[in-house]
Amino acid sequence: MPIRRLPSEVVNRIAAGEVVERPSSAIKELVENAIDAGARRIEIQADGGGLSRILVVDDGRGMGPDELPLAVERHATSKLEVDDAGDVDLLNIHTLGFRGEALPSIGSVARVTISSRTIGGVAHAIDVQGGAVSTVRPAAFAGDHGARVEVRDLFYATPARLKFMKSERAESMAISEEIKRQAMAHEDVAFILTLDGRPVLRLEAEHAGDEGRLRRLAAILGEAFGENALLIDQTRDGHRLSGYAGLPTYSRGNAAHQYLFVNGRPVRDRLLQGALRGAYADFLARDRHPAAVLFIDLEPTRVDVNVHPAKAEVRFRDPALARGLIVGALKHALAGAGHRASTTVADQALSAFQGRGGVGRGAWGVGAGWSSEPAYSPGAWTSPFTAPAQVIPGLAEVSARVEPGLDPETPNPAPHTLDLIDRPLGAARAQLHGTYIVAQTRDGMVVVDQHAAHERLVYERMKAQMSAGGVARQALLVPAVVQLEPPEAERVVAVADDLAELGLIIEGFGAGAVLVRETPALLGDTDVEGLIRDIADDLAETGQTLALRERLAEVCSTMACHGSIRAGRRLNADEMNALLRQMEATPHSGQCNHGRPTYVELKLADIERLFGRR
């Protein structure tokens, strides 16, 4: 078959297939055009999942009558500068859109009407129907300036594409998610979304900056995210990472609440998602996912945004720098959170009380899971002032070191405990069922799971020791040869220095083979081949050696579990208070090694509401 030029209509429809995958893709392009035009208020309407009708109205700079025909012409754009020699630097992109394909691509598969008015100008309009462009005509326009783009019968010119669309409800949900992502990235722009005549989202413009961004994120993701999010703001070698990340105890069952932006663009990037997972690897179980909204800003020349027709993916010039920045910044923020746990822990506890029938017998009796024994029963609780004298090694010493005025033999330590209620985790008052420490704070109470809390303390101590002294290694009696695909083996050998820091000594052994000489002593008799294959998979997916790190963390976690205070162990006042003080001084002590909370704090106001006092 001879080579032929395709008709322009066919070329436009092929381009539309790349740029406009579904109605939400068309809305994304139109909203980004509005933002690039300086809009501060964008209204979006969609009917029938966006297939019947889409309307995007903005208050941007607008277009004059001479620009409207160019706007619907392929590869015509106002977002790229051409130098005197006619060259364009496609790597120095400062706008969200730049290809000049969005409007002509949409117009080639739908019926489009564009009305626009410049500041101080007269409104004009142009129509595009299945790729056919009308002449420019005068038009009415409600605002002083801006643009109004109406898209009807999307994909009517390509009926086969309609067969692959999802239900109207699914398409409407995709539109809503797209607007939420755009709103997160531009807190200083107001967004109003209406679906099938029903208002869905109304977000007023916030002041640009951290406070305005947090208010915008809380409005989209919920107030709970705003209450439990940690501020992220770090810069390294021209890369700035900002945004908010949730506490480990505010984790989710899936990755739906992870949003990543590069220079204001929402992106899906496995490298960045892998870095986010790696930063939380120490704090969450494999089936839990952190909530985070992160923004990376860098010079446009250091990131290629031209690798995907829909601009959904990017390529960094220095991917290791971007990954390291995310991991380092998140770990720094999590360490700064100290023993803090999410507010949702207390909310869930209160909901459990109220969900069991209010504050009567159903809430506090046997039906609620509380002990049927009287409050004074020795089997149910232990008074810190009548506890056995035996002290767990290491805890009493810490207590005495923190409170030098305390004499463990003093028969009435009341003045001491009164001072402790001003501490974040308060003063120990009792031990329930040999497992839970009840402490009083100035404005409420704290219930601590002694085993989970001490497990975290031991785990953090082991990590610090391992970091200070390095990971002990054990030499294999016979070095193991692991066969991989040649590209996999090359990736593994390329990170041999990083693996050596973790106690795994490897080297290349011909094409497609890796020789393992030493393994971390903590792993004991481990499956060497399985470990290397897991590392290869992690490198292919995220560029990180998560498999080994997670195995080491799992071993440390298991050892910490066996070396910590067991449930059922009676503690005296000194031991309980020492545990609380250690928690306050230890990073990440608000959650155990699997991301579950180690304590629940109930404010006095919440307790009073349970009893109807408020």
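I looked up glutamate 178 first: at 6% relative accessibility it counts as buried (under 20% relative accessible area; exposed is over 50%, partly exposed in between, with a 1.4 Å probe and protein chains only). The model is predicted, so I kept in mind that local features need pLDDT of at least 70 and side-chain atom pairs pLDDT 80 or more, while totals for chains, interfaces and linings use all residues. Residues are numbered from 1 along each chain as its sequence is written, and side-chain values use heavy atoms, without hydrogens and water.

I then checked the partner of glutamate 178. Arginine 181 forms a salt bridge with glutamate 178, with the closest N and O atoms 3.0 Å apart (a side-chain nitrogen of Lys or Arg within 4 Å of a carboxyl oxygen of Asp or Glu). Both residues lie in helix H6, three residues apart, about one turn of the helix (helices, H or I, are DSSP runs of at least four residues and strands, E, of at least two, numbered from the N terminus). Arginine 181 is partly exposed at 24%.

Next I went to glutamate 171, also in helix H6 (residues 168-185). Its salt-bridge partner is arginine 22, at 3.0 Å between the closest N and O atoms. Arginine 22 sits in the loop between helix H1 (8-19) and helix H2 (23-36), 149 residues from glutamate 171. I noted glutamate 171 as buried at 1% and arginine 22 as partly exposed at 22%.

I also looked up lysine 603, which meets aspartate 443 in a salt bridge (3.3 Å, N to O). Lysine 603 is in strand E24 and aspartate 443 in the loop between strands E19 and E20, so the pair ties together parts 160 residues apart in sequence.

For the total, I recorded 25 salt bridges.
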